Amino acid sequence: MDYKSSLIQIGNPMENLEKQLICPICLEMFTKPVVILPCQHNLCRKCANDIFQAANPYWTNRSGSVSMSGGRFRCPSCRHEVIMDRHGVYGLQRNLLVENIIDIYKQECSSRPLKKGGHPMCKEHEDEKINIYCLTCEVPTCSMCKVFGVHKACEVAPLQNAFQGQKTELSNCISMLVAGNDRVQTIISQLEDSCRVTKENSHQVKEELSQKFDVLYAILDEKKSELLQQITREQEEKLSFIEALIQQYREQLDKSTKLVETAIQSMDEPGGATFLLSAKQLIKSIVEASKGCQLGKIEQGFENMDYFTLNLEHIADTLRAIDFGTGKEDTEEEEEVIEEDQDEEEPMEGKE
């Protein structure tokens with residue numbers, strides 16, 4: 001487990017151990033069974049299955065076997081592509097060592113008294129702890145604010161209820177954003193493939209043009225160069241457009257990844273009130289980021305370069321029919337002049 005390698009540090013060893021036993025998806029302690037990915041990262045089986053289903057929507061679980069082939073998804077910790085067989089997530093190995101460590105940790109924690117961390121205090125009433133949540137204003141507050149303060153006319157709820165509700169909502173947003181990042185990565189891969197195909201098609205068309213223009217010799221060299229330049233310009237325009245899209249999607253992916261990291265750090269906050277102070281804005285940012293994937297795409301056949309393919313047979317036939325001044329017509333004209341001269345000389349001889 002290497003996504004939090006600071007196991008040995010100043011602090012409570014049990015708290016440090018707990019941080020190593022957190023699932024990067026649900027941000028809760030791993031639940032049985034824990035599966036280990038090929039990249040050696042761990043996930044709850046349910047979380048791994050949720051990511052797998054999101055990346056492969058037409059693949060069903062064992063109870064509704066629709067596909068006989070496997071699928072793939074990316075590890076949320078290192079982005080390594082995990083290729084699954086037809087068993088899906090159920091084909092992954094269980095990490096029994098982590099499960100045993102979790103059992104020992106829970107047994108140890110159950111025998112220790114719970115420690116209460118620092119609790120945020122109300123700004124208006126310094127001696128009062130923030131212990132309720134105002135549903136009307138959507139902010140955490142204290143009991144005095146509800147009884148005598150600005151929230152006395154508002155609807156309130158227990159702090160723990162709001163804490164669990166928004167924590168669940170944030171967890172769902174993280175899962176949604178991770179799935180969206182996978183889709184963006186897929187689009188980037190497709191765009192990179194389009195770059196490669198565009199280059200290959202351009203190279204193929206150039207080769208065909210070169211072969212056809214070689215038949216026409218040096219007469220068509222200028223035309224050949226002109227058409228090759230047009231293809232190169234078209235290739236550069238297309239590649240420039242595709243690469244610009246790739247850059248835009250990468251920038252969006254970087255922003256989303258940073259937002260996921262921020263959200264994950266927020267999920268580590270043990271205090272409900274502290275968490276609620278920033279959770280609403282964070283959820284709003286994630287929802288906006290998830291809806292903001294409205295970048296451009298390329299049309300089908302965009303990488304096609306076939307419209308530069310030429311049929312030069314009729315030009316070759318025309319060139320074969322062209323008389324380039326071989327001297328044949330000059331010889332015929334000279335023969336006609338000689339015959340006319342002979343015709344003129346014969347009557348003169350008769351008169352004599």
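These are my notebook entries on a predicted model.

**Entry 1: the chain overall**

The chain's secondary structure comes to 9 helices and 8 strands. Of its 352 residues, 34% are buried. I then looked at contacts between residues at least 6 apart in sequence. Of these, 60% join residues at least 24 apart.

**Entry 2: salt bridges**

How many salt bridges does the count come to? I get 6 salt bridges. I looked up three of them, including the pair Arg79 and Asp182.

Arg79 and Asp182 have their closest N and O atoms 2.8 Å apart. Arg79 sits in the loop between β3 (72–74) and β4 (81–83), and Asp182 sits in helix α5 (residues 159–215), so this pair ties together parts that are 103 residues apart in sequence. Arg79 is partly exposed, at a relative accessible area of 29%. Asp182 is buried, at 9%.

I went on to Arg94 and Glu99. Their side chains meet in a salt bridge, 2.8 Å from N to O. Is Glu99 buried or exposed? Glu99 counts as buried, because its relative accessibility is 4% and the cut-off for buried is under 20%. Arg94 is partly exposed, with 42% relative accessible area.

Glu138 is partly exposed, with a relative accessible area of 38%. Lys280 also counts as partly exposed, at 45%.

My background note for this entry: side chains of opposite charge can pair when their charged atoms come close.

**Entry 3: nonpolar cores**

I looked for the largest nonpolar core next. It holds 25 residues. Which members touch the most other members? They are Cys23, Phe30, Leu37, Leu43, Phe73, Met84 and Ile102. I then asked which elements supply this core. β1 (34–36), β2 (42–44), α2 (45–55) and α3 (96–110) each give at least two residues. The largest share comes from α2, with 4 residues.

There is a second, separate core of 22 residues. Among its members are Leu159, Ala162, Leu259 and Leu276.

For context, I noted that nonpolar side chains tend to be buried together in soluble globular proteins.

**Entry 4: a three-stranded sheet**

I traced an open sheet of 3 strands. Its order is β7-β6-β8, and the pairing is antiparallel. Why is one side of β7 and of β8 left without a neighbour? Both strands stand at the edges, and each has a single partner strand, so one side of each has no neighbour in the sheet. β8 covers residues 156–158. I also took the angle between neighbouring strands of this sheet. They are turned by 35° against each other on average, direction ignored.

I then checked the pairing of β6 with β8. The two run antiparallel and are joined by 3 bridges. Cys134 has Val156, in β8, as its bridge partner. As a reminder, strands of a sheet pair through backbone hydrogen bonds, either parallel or antiparallel.

Thr141 is buried, with a relative accessible area of 3%. What does Thr141 contact, leaving aside neighbours within four places in sequence? I find Ile130, Asn131, Ile132, Cys134 and His151.

**Entry 5: cysteines**

I searched the whole structure for disulfides. The search finds 0. I had already met Cys23 among the core residues that touch the most other members. Cys44 counts as buried, at 1% relative accessibility.

The cut-off I used is sulfur atoms within 2.5 Å. Cys154 is buried, with a relative accessible area of 12%.

Conventions:
Residues numbered from 1 in each chain as written. Predicted model: local features only at pLDDT ≥ 70, side-chain atom pairs only at ≥ 80, totals over all residues. Heavy atoms only, no water. Salt bridge = Lys/Arg side-chain N within 4 Å of Asp/Glu carboxyl O. Buried < 20%, exposed > 50% of the residue type's maximum accessible area, 1.4 Å probe, protein only. Core = buried A, V, L, I, M, F, W, Y, C linked by side-chain atoms within 4.5 Å. Pairing = 2+ DSSP bridges. Axes fitted to C-alpha atoms, helices over the stretch in contact; angles between N-to-C directions. Contact = heavy atoms within 4.5 Å.
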